Amino acid sequence: MRLSNTPRLRRWVVELFAAGNLAFLAVDIWFAHSMNRFHYGAEWIPFVFSLIAPILLLPGLFSFQPHRGLGLWSGWLVGLLSIGVGIAGLAWHLHGTFFLEQTLHNLVYTAPFAAPLSYAGLGFLLLLNRTEDPKSQGYGQWILLLAAGGFAGNFALTLADHAQNGFFHSSEWFAVLAAAFGFSFLLVATFASQDRRLLRACGWMMVGQVLVGLLGAALHISAILDGPSASLLSNAIHTAPLFAPLLFADLAILGGIGLWCCASTSPEVGEAVPEATAAGAA
């Protein structure tokens, strides 16, 4: 059965995306911070926050009205705290050697500095879902802009992470290029969201980003299986980051949601574009 494309459904889908990502970040944080066994107590903060935040968002999800009642206030609370966690995490990841000496070497070999900004992006998404009317064109445009920002952060992450081994495999450049293309396509779509052909092209670009994420995940799993330790868990923690490539697919889903919302509110697009953008969000 095909669900009706209503503003209420759009708002609920965005809320579900944000809640699901916050929950999954708990798993990602556990793997990332297990590398040094949570040496610093502050490293538990994002992990605990990711366990609690989705629970606080449940009232809005169950009622299909995250912008009203308890869902409104819990969303504001989680959104603001998520932004705070993201900004504080960015400062924490850049502390120490980089602030003492701002060199490219220190930037590359510090903790992944852009990673905590995932929390800030999700926080802004939650606030958007409570301040912008999903019937407006601006609602989808803001989502596209946040997705484009995510790809910009992913570009920085892939560039810095793969620079640590000097791009030993030439295929590692492909992820950097893919992130750049994802950013540029979505940024243009943000300011030209009523162009049918552009929305369709961006939809297919999001499909390509999903494939990049799946291929990258397969390559990272292969590196983990061939790791130096007899323990798969140890290899997953200390070798190629298991979930990092899936950020391409995750951001593609967000971009697909933004394209869908823009197509749904544009009188010039009609019904053809949502089908293309739905493919990008699959």
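These legends describe close-up views of a predicted model. Local features need pLDDT of at least 70, side-chain atom pairs count only at pLDDT 80 or more, and totals for chains, interfaces and linings use all residues. Residues are numbered from 1 along each chain as its sequence is written, and side-chain values use heavy atoms, with hydrogens and water left out.

**View 1. The protein chain is built from helices, 13 of them, with 0 strands.** From the N terminus on, the elements run α-α-α-α-α-α-α-α-α-α-α-α-α. Helices (H or I, at least four residues) and strands (E, at least two) are DSSP runs, numbered from the N terminus. Of the 282 residues, 46% are buried. Buried means under 20% relative accessible area, exposed means over 50%, and partly exposed lies in between (1.4 Å probe, protein chains only). Contacts are heavy atoms within 4.5 Å. Among contacts with a separation of 6 or more, 74% join residues 24 or more positions apart.

**View 2. Helix 12 covers residues 246-265.** Its 20 residues should span 28 Å at 1.5 Å a residue. The expected span is 1.5 Å times one less than the number of residues. The end C-alpha atoms are 29 Å apart, which agrees. Helix 12 is mostly covered, with 16 of its 20 residues buried.

**View 3. T190 sits in helix 9 (residues 172-191).** T190 has a relative accessible area of 6%, so it counts as buried. Leaving aside neighbours within four places in sequence, T190 is in contact with Q141, L144 and L145.

**View 4. A nonpolar surface patch covers about 600 Å².** Its residues are W44, V48, L51, I52, L56, L77 and L81. Helix 2 (44-56) and helix 4 (69-93) each give two or more residues to the patch. Helix 2 gives the most, with 5 residues. L81 lies in helix 4. L81 is partly exposed, at 43% relative accessibility. Patch residues have over 30% relative accessible area and no salt bridge; like charges are joined within 9 Å, and nonpolar side chains (Val, Leu, Ile, Met, Phe, Trp, Tyr) within 5 Å. A salt bridge is a side-chain nitrogen of Lys or Arg within 4 Å of a carboxyl oxygen of Asp or Glu. Accessible areas come from the Shrake-Rupley method with a 1.4 Å probe; for residues, only the protein chains shown count as cover.

**View 5. In residues 102-109 and residues 269-282, pLDDT stays under 50.** pLDDT is the predictor's confidence in each residue, from 0 to 100. Beyond four places in sequence, the model has 12 contacts for residues 102-109 and 30 for residues 269-282. Where pLDDT is low, the predicted coordinates should not be read in detail.
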